[in-house]
Amino acid sequence: MGHREQLLVAARQLLEDKGYAHITARDLVAASGTNLASIGYHFGSKAGLLNAALGMVFEEWTTQLTTAALAEPDASPIERAHLAWAALLDSLTGRRALLVSFMEALAQADRDPQLREQLAGMYRNTRRHVAELVAAALDASVADPRCTAVASWVMAVCDGLSMQWLLDPASTPAGEHLLRGLADLRAISE
């Protein structure tokens with residue numbers, strides 16, 4: 001493994017151990033066995049490295065939820081959303097520290113244009129990926145605006161569930177409650 005990979009592995013672990021807001025460049029160097037110059041050379045700054053590590057975590061989580069959503073090939077789009085919500089809720093306990101690190105990064109994004117753009121890029125990539133899954137489920141073109149709309153809605157639900165869970169895990173709705181709420185909303189609107 002080269003310095004770049006060593007730094008990413010160390011940053012990911014430190015995001016779990018210390019949180020985004022409490023990691024120093026010296027922590028990253030000590031955990032990776034590299035040097036301060038490697039951070040600047042490969043990532044431009046400590047923030048650039050931490051943001052790249054957050055991007056890796058974002059991609060891992062997206063892949064995990066995608067795998068869950070596609071676990072049943074004959075599932076309807078609503079059933080796939082339910083599978084993704086259930087997988088999200090099941091995974092939160094093991095990812096609490098990473099979720100807190102992500103929230104710490106979000107809190108700093110308004111004052112750091114580079115961080116804001118990197119986080120926005122992660123959301124754009126995830127939205128595009130989820131829209132591709134929706135397009136496949138609907139046998140539609142990814143250019144169909146419904147695909148992006150559904151992807152955005154699914155992501156908003158996942159983000160909202162995650163934030164609710166951070167604050168009050170016992171009161172966070174289960175996937176079945178979300179599915180029932182969606183059905184009730186549709187019934188009320190008809």
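What follows is a chat about a predicted model of a protein.

Visitor: What is the helix and strand count here?
Guide: The protein has 9 helices and 0 strands. Along the sequence the pattern reads α-α-α-α-α-α-α-α-α. Keep in mind that this is a predicted model.

Visitor: What does the C-alpha trace span?
Guide: About 60 × 40 × 30 Å along the principal axes of the protein.

Visitor: And how many of the residues count as buried?
Guide: Of the 190 residues, 40% count as buried. As for contacts with a separation of 6 or more, 62% of them come from residues 24 or more positions apart.

Visitor: Which residues of H1 are buried?
Guide: Leu-7, Leu-8, Ala-10, Ala-11, Arg-12, Leu-14 and Leu-15. The cover over the buried residues of H1 includes H2, H3, H4 and H6.

Visitor: What follows H1?
Guide: Gly-19 follows H1, and its phi is positive, near 90°.

Visitor: There's another glycine I had marked, Gly-33. Where does it lie?
Guide: Gly-33 sits in the loop between helix H2 (25-32) and helix H3 (36-43).

Visitor: Buried or exposed?
Guide: Gly-33 has a relative accessible area of 59%, so it counts as exposed, the cut-off being over 50%.

Visitor: Change of topic. Where is Trp-61 found?
Guide: In helix H4. Trp-61 is buried, with a relative accessible area of 12%.

Visitor: Why does 12% count as buried?
Guide: Because buried means under 20% relative accessible area, and Trp-61 is at 12%.

Visitor: What is Trp-61 in contact with, leaving aside its neighbours in sequence?
Guide: Beyond the residues within four places in sequence, Trp-61 is in contact with Leu-88, Ser-91, Leu-92, Arg-95 and Leu-99. To take one of those, Ser-91 is 30 residues away from Trp-61 in sequence, and their C-alpha atoms are 9.0 Å apart.

Visitor: How do H4 and H6 cross?
Guide: The axes of helix H4 (residues 46-69) and H6 come within 11 Å and cross at roughly 125°. That angle makes H4 oblique to H6. The crossing of H4 and H6 is left-handed.

Visitor: Which residues make the contact?
Guide: On H4, Leu-54, Val-57, Phe-58 and Trp-61. On H6, Leu-98, Leu-99, Phe-102 and Ala-105.

Visitor: Now H7 and H8. What is the crossing there?
Guide: The axes of H7 and H8 come within 8 Å and cross at roughly 120°. H7 and H8 are therefore oblique to each other. Their crossing is right-handed.

Visitor: Which residues meet?
Guide: From H7, the residues are Tyr-123, Thr-126, Arg-127, Val-130, Ala-131, Val-134, Ala-135 and Leu-138. In H8 they meet Arg-146, Cys-147, Thr-148, Val-150, Ala-151, Ser-152, Met-155 and Asp-159.

Visitor: What span should H8 have, and what is it in the model?
Guide: Helix H8 (residues 145-167) has 23 residues, so at 1.5 Å a residue it should span 33 Å. Its end C-alpha atoms are 33 Å apart, which agrees.

Visitor: Which residues are buried in H8?
Guide: Cys-147, Ala-151, Val-154, Met-155, Val-157, Cys-158, Leu-161, Ser-162, Trp-165 and Leu-166. Among what covers the buried residues of H8 are helix H5 (77-91), helix H6 (96-109), helix H7 (113-138) and helix H9 (175-189).

Visitor: I see cysteines in that list. How many disulfides are there?
Guide: The structure holds 0 disulfides. Cys-147 is in no disulfide, and the nearest cysteine sulfur to its own is that of Cys-158, 17 Å away. A disulfide needs the two sulfur atoms within 2.5 Å.

Visitor: And what are the accessibility values of those two, Cys-147 and Cys-158?
Guide: Cys-147 has 0% relative accessibility and counts as buried. Cys-158 is buried with a relative accessible area of 10%.

How values were computed
Residues are numbered from 1 along each chain as its sequence is written. This is a predicted model: local features need pLDDT of at least 70, side-chain atom pairs count only at pLDDT 80 or more; totals for chains, interfaces and linings use all residues. Side-chain values use heavy atoms; hydrogens and water are left out. Helices (H or I, at least four residues) and strands (E, at least two) are DSSP runs, numbered from the N terminus. The expected span of a helix is 1.5 Å times one less than its number of residues. Buried means under 20% relative accessible area, exposed over 50%, partly exposed in between (1.4 Å probe, protein chains only). Contact means heavy atoms within 4.5 Å. Axes are lines fitted to C-alpha atoms, for helices over the stretch in contact, and angles run from 0 to 180 degrees between N-to-C directions. Angles under 35 degrees count as roughly parallel, over 145 as roughly antiparallel, 65 to 115 as roughly perpendicular and the rest as oblique. A crossing is left-handed if the near helix is turned anticlockwise from the far one by less than a right angle, and right-handed if clockwise.
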